[in-house]
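I opened my notebook to see how this chain is put together. Here is what I looked up, entry by entry.

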Amino acid sequence: PFILVGIPDLELSPTLLGFLFFSSYLITLLGNGLVLLLILLDKSLRTPTHCFLAMLAFIDVLMVTSVVPKMLSTLWLKAGEIGQVSCFFQMFLVHSTTSAESGVLLAMAIDRYVAICHPLRYQTILSHQTISHMALAITLRALLFILPLTGLVSHLSYCHSHLLPHSYCEHMALAKLACGDTKPSQTYSLLGSSFIVAMDLTFIMASYGMILKAVLGKEKTCQKALRTCGCHLSLLLLYYVPGMVSIYAQRVGSGVRPREQVLLADIYLTLPTMLNPIIY
């Protein structure tokens, strides 16, 4: 089995840090659970926007639940041991949910574009069938990206130390422990994640560019569009900025200590999931 170290060279008390992550986990479960419950009980909240919010809430709950409980057992109980199958499954959940969340944020940007630029055709364009197809496409893309990566990593030989200097089973941290050739998995991870992020951000920026073009010069419409899109733009900043900083820190690594790299990765998974339901 692997042994999760948690956060290397931790200066802050593990009990205090664990309490902070535990509090954010409870807020995440409460906030996203409330979103899902309200949408489920209130039939008026079955619009495309609320469907995408429900998808985002479900992904957020799955993402943090795959990481935080084990993280807390490592910090509080010093029980960092995790079997190889469990470790690879955790890696699969973490990377597939982050990919799916990026897809949902793209779908929400499309939703805002249709609502503002084509309001009379909104229900027709974003029908329940279209939303179902979008949800299926988001899920399949996440699975098709992460399944080969999981296969590449799980077939590596781990003949060196099994001490994993991370809070959860993250691909780059696992690859550093392998004694075989890790270039295929690292190249696939870099190209795949870059393609997904670049594609989603390109379409998101294009949708907001068309929104701005449609509302410029119309004061009332512009103010309404900014209010409507403000929450979504906040989610984009919360998700992509910590994510890209975390990935950059792991790839470059020379000027960023392992402790900061792990903390950035932990914040990337826990902070946006906690704040998403509060923002909306």
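This is a predicted model: local features need pLDDT of at least 70, side-chain atom pairs count only at pLDDT 80 or more; totals for chains, interfaces and linings use all residues.

**Entry: one tyrosine**

I began with Y268, which sits in helix 10, residues 258–279. What does Y268 touch, once residues up to four places away in sequence are not counted? I found T98, Y239, P242 and G243. Is Y268 buried or exposed? Its relative accessible area is 15%, and the cut-off for buried is under 20%, so Y268 counts as buried. I also checked Y268 against G209: the two are 59 residues apart in sequence, and their C-alpha atoms are 27 Å apart in space.

**Entry: the fold as a whole**

Next I stepped back to the elements. I counted ten helices and three strands in the chain. Reading from the N terminus, I wrote down the order β-α-α-α-β-α-α-α-β-α-α-α-α. Along its principal axes, the C-alpha trace spans about 60 × 40 × 35 Å.

I then looked at contacts between residues at least 6 apart in sequence: 80% of these join residues at least 24 apart.

Where does the largest nonpolar core get its residues? This core has 48 residues, and those with the most contacts inside it are F52, V104, L105, M108, I204, Y208 and L269. Helices 1, 2, 3, 4, 6, 8, 9 and 10 each supply at least two residues of it. Helix 4 (84–117) gives the largest share, ten residues.

Leaving aside neighbours within four places in sequence, F52 is in contact with V104, A107, M108, D111, I131 and M134.

**Entry: surface and charge**

How much of the chain counts as buried? I get 46% of the 280 residues. The chain exposes about 14100 Å², and carbon and sulfur atoms supply 72% of that area. For charges, I counted 17 positive and 13 negative side chains. The centres of these two sets lie 11 Å apart.

Methods
Residues are numbered from 1 along each chain as its sequence is written. Side-chain values use heavy atoms; hydrogens and water are left out. Helices (H or I, at least four residues) and strands (E, at least two) are DSSP runs, numbered from the N terminus. Buried means under 20% relative accessible area, exposed over 50%, partly exposed in between (1.4 Å probe, protein chains only). Contact means heavy atoms within 4.5 Å. Accessible areas come from the Shrake-Rupley method with a 1.4 Å probe; for residues, only the protein chains shown count as cover. Lys and Arg count as positive and Asp and Glu as negative; His and the chain ends are not counted. The place of a charge is taken as NZ of Lys, CZ of Arg, CG of Asp or CD of Glu. A nonpolar core is a set of buried Ala, Val, Leu, Ile, Met, Phe, Trp, Tyr and Cys residues joined through side-chain atoms within 4.5 Å.
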